[in-house]
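Here's a quick briefing to keep beside the structure as you look around.

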Amino acid sequence: MKIGFDAKRYFHNNTGLGNYSRTVVKGLAAEFPEDEHVLYDEKSWSRTFCLGRKAEVEGCQLFHGLSNELPMDICKRQIPSIVTIHDVAWRTYPDMYHWADRHIYDFKYGRSCHLATKILAISESTKQDVMRYYGIEEERIEVIYQPVQECFYIPLSEAEAQSMIHEVLPDLPKDFILYVGSINKRKNLMSVVKALALTPETERCMLLVVGNGREYRKEVESYIASHHLEKWVRIESNIRDNRVLQALYRQARMLVYPSFYEGFGLPVVEAALQHTPVITSTISSLPEAAGPDACLIDPYADDATEQILHAMNQLLISTDYREEVASGMEAYARRMFTPQVLTRQLHDLYESLI
C-alpha cells in the first residue's frame, strides 16, 4: 500500500499536531514496513491547491491529511482521502481566536470534512462536534484515539526520574503538583492557581507549570503577584525533552488539568501512564482520556475552584486514595491507548477504503 501524507506539521511543528503526525507515521512504519509512506512537505500554494493531483500522479493509493485539512483539489482525484480532525475549538471556544482565523478555519477545515472519503476523529467528543457543527453523517466518521508517544509507555524508575529532573531543575522541591499545556484561557490554569491561593501556606505544595502563553499568561502572573504566590508557582517554558517531561509526570504528586475543552487531552494519558493521579474536567473528551477512576470536576460550576481544591487535598492527604486513582487510571490508559492497537485500527481503516 502506498499512502501519501500532508506532512507539514510532521516537519515543522514541535508540539501537538507535529507529535501526532510523527507518532502516527512512525507507528505505521514500525507495524507495516511493507507499506510505502510518502511525506509531502509542500509550499503553501501547492499544499492547498495541487497536492491531491501530485499524490495521485505519484501512485499513492490513499491520501491522509494529518492536521485538520485536505488539499482543495482532492475532490477531483480518484484516490480516497482521510482527514484527521483534532478538535473544533474555534467553534466551541471562539473567544480564543481572532475573527479572521475563525472564518479561515471554518472554511478550510469544514470544507475538508465534506471533501474527505472518511473523517478520523481523535475522540468521541470530537466526532460529536464534527457532526454538530458541520452536519456530517455519523457513518462517515471513524473514531481512533490519538496515540501517545512510545517513550511514555516505557517505565521510568524513581532514581532515573530524580536524576533527569536534577539535571534540568536542580532546585525543584521533591513534592510538587504539575500542570502541562499551553497557558491560555481554554486550559483554565487560573482555577488551579486560585485553588492554591485558598490553601493554607503550611499545607501548600508547589505548582509547576510546564508550558507557555501570551496574554493569558500575563493574567495568571498578575494574579500570582497580587496574591503573593511567587514562591509557590513556577513556570517552565523551555522543557522540550519528552523524557524529562515523563520524569516530571513520574515524580509529581498529581497532574491538574481542568480544561474547558479538549479534542483529546494528551497530558492526561501521559500522566496516567506514569502512575500519576489526575484531576481533570467532566466535559468534552476529557472523561474519555481519563477513564472512570480520575478525579473529575466541572470547570463551569460556580464552585469549580473549590472542587479543584477539594480534589487536590484528597490526593495529598490520603495515600490510599492517591494509589487507588493512580492504579485505576494507569490500567485504563494501557488498555485503551496501546499504540500498536491504535496503529492497526488506522491501517484497517486504510485497507477498507482501497
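Let's begin with Tyr93, which is buried, as its relative accessible area is 10%. Keep in mind that this is a predicted model. The notes below are grouped by topic.

**A ring pair across the chain**

- Searching the whole structure turns up 14 aromatic pairs.
- One of them joins Tyr93 to Phe260: the pair is stacked, with 5.8 Å centre to centre and 20° between the planes.
- These two partners come from distant parts of the chain, 167 residues apart. Tyr93 sits in the loop between helix H5 (89-92) and helix H6 (99-115), while Phe260 sits in the loop between strand S10 (254-257) and H12.
- Phe260 has a relative accessibility of 14%, so it counts as buried.

**A ring pair within helix H6**

- Tyr105 and Tyr109 also make a stacked pair, because their ring centres are 5.3 Å apart and their planes are at 5°.
- Why are Tyr105 and Tyr109 separated by about one helical turn? They are four residues apart in helix H6.
- Is Tyr105 buried or partly exposed? Its relative accessibility is 23%, and the cut-off for buried is under 20%, so Tyr105 counts as partly exposed.
- Tyr109, at 6% relative accessibility, counts as buried.
- Both tyrosines belong to a cluster linked by ring pairs, together with Trp90 and Tyr97.

**Nonpolar cores**

- In soluble globular proteins, nonpolar side chains tend to be buried together.
- Here, the largest nonpolar core has 91 residues. Leu178, Leu189, Leu207, Leu248, Ile279 and Met312 are the ones with the most contacts inside that core.
- Take Met312: setting aside neighbours within four places in sequence, Met312 is in contact with Ile177, Ala195, Leu196, Met254, Val256 and Ile279.
- Another core, of 26 residues, lies apart from the largest one, and its members include Cys60, Ile79, Cys113 and Val130.

**Helix H15**

- The buried residues in H15 are Arg322, Val325, Ala326, Gly328, Met329, Glu330, Tyr332 and Ala333.

Notes: Residues are numbered from 1 along each chain as its sequence is written. This is a predicted model: local features need pLDDT of at least 70, side-chain atom pairs count only at pLDDT 80 or more; totals for chains, interfaces and linings use all residues. Side-chain values use heavy atoms; hydrogens and water are left out. Buried means under 20% relative accessible area, exposed over 50%, partly exposed in between (1.4 Å probe, protein chains only). Helices (H or I, at least four residues) and strands (E, at least two) are DSSP runs, numbered from the N terminus. Rings of Phe, Tyr and Trp (its six-membered ring) pair if their centres lie within 6.5 Å; planes under 30 degrees apart count as stacked, over 60 as edge-to-face and the rest as tilted. A nonpolar core is a set of buried Ala, Val, Leu, Ile, Met, Phe, Trp, Tyr and Cys residues joined through side-chain atoms within 4.5 Å. Contact means heavy atoms within 4.5 Å.
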